[in-house]
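Student: I've got a structure to go through today. Could you help me read it, one question at a time?

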Amino acid sequence: MVQLSTGDMLRAARTSGTGMGKIVADVMDRGELVTDEVVIGLLREQLETTQGTGFIFDGFPRTLAQADSLADLLLEQGQQLDVVIEMQVDDDTLVQRVVNRAKEAEAAGKPVRADDNEASMRIRLMEYYRKTAPLIGYYYAKGRLASINGLGEIEDVQRAIVDVLDEWMAKMIRIFAFAI
Ligand code: AMP
């Protein structure tokens, strides 16, 4: 599967030096969400030009409007969303993780993300509660939601994700067998 990260797409767009890139950069650095129009436009472009047997959407959708657009985009391509994975992590741990990520990048002489600091992270969390959290109910109601514990080591979280995908695959095989 091909991983499509809207965060990565936006970080590439902001280096373009265009007026749009500058606006996007300011919004991202503050920790706010970029407008649906910009994000959906970038995603559409990638989806239409990327070949793959499947996609992992990373950091997208983050609003109800984006979720509706994604459903339409996939439908246009004769595809659909299989499963949405919610990784549950408490706020203090998230803040600590971005602070650590900034420290590690600095120590390794790598660029530090301008939004990897406590102040921006608090705004990112607020944006999450206001605009993204409603998606949990949205996908739950559609029977697509799987929630996992995002605390612990990378290997533990990875295993939990693989378990969700295995379970989904087994369910699809049962449905397919039933259909034939
Ligand atoms: P991320 O790399 O997913 O942590 O995203 C970094 C920043 O990019 C976010 O704080 C937003 O400013 C912006 N961003 C990424 N994905 C989206 C999205 N789906 N909708 C709106 N803004 C986004």
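Student: Where is the place of Thr132?

Tutor: A quick note to begin: this is a predicted model, where local features need pLDDT of at least 70, side-chain atom pairs count only at pLDDT 80 or more, and totals for chains, interfaces and linings use all residues. Residues are numbered from 1 along each chain as its sequence is written, and side-chain values use heavy atoms, with hydrogens and water left out. Helices here are DSSP runs (H or I, at least four residues), numbered from the N terminus. Thr132 sits in helix 6 (residues 118–132).

Student: Which residues is Thr132 in contact with, leaving aside neighbours within four places in sequence?

Tutor: Contact means heavy atoms within 4.5 Å. For Arg62, a polar atom of the Thr132 side chain lies 2.7 Å from the backbone oxygen of Arg62. With those neighbours left aside, the contacts of Thr132 are Leu33, Arg62 and Glu127.

Student: How do helix 1 and helix 2 lie to each other?

Tutor: Helix 1 (residues 6–14) packs against helix 2 (residues 19–30) at about 130°, with axes 8 Å apart. Axes are lines fitted to C-alpha atoms, for helices over the stretch in contact, and angles run from 0 to 180 degrees between N-to-C directions. Under 35 degrees is roughly parallel, over 145 roughly antiparallel, 65 to 115 roughly perpendicular, and the rest oblique. Helix 1 and helix 2 are therefore oblique.

Key: Helix = DSSP H or I, 4+ residues; strand = E, 2+ residues; numbered from the N terminus. Polar contact = N/O pair within 3.5 Å; in protein donor to acceptor, adjacent residues only side chain to side chain.
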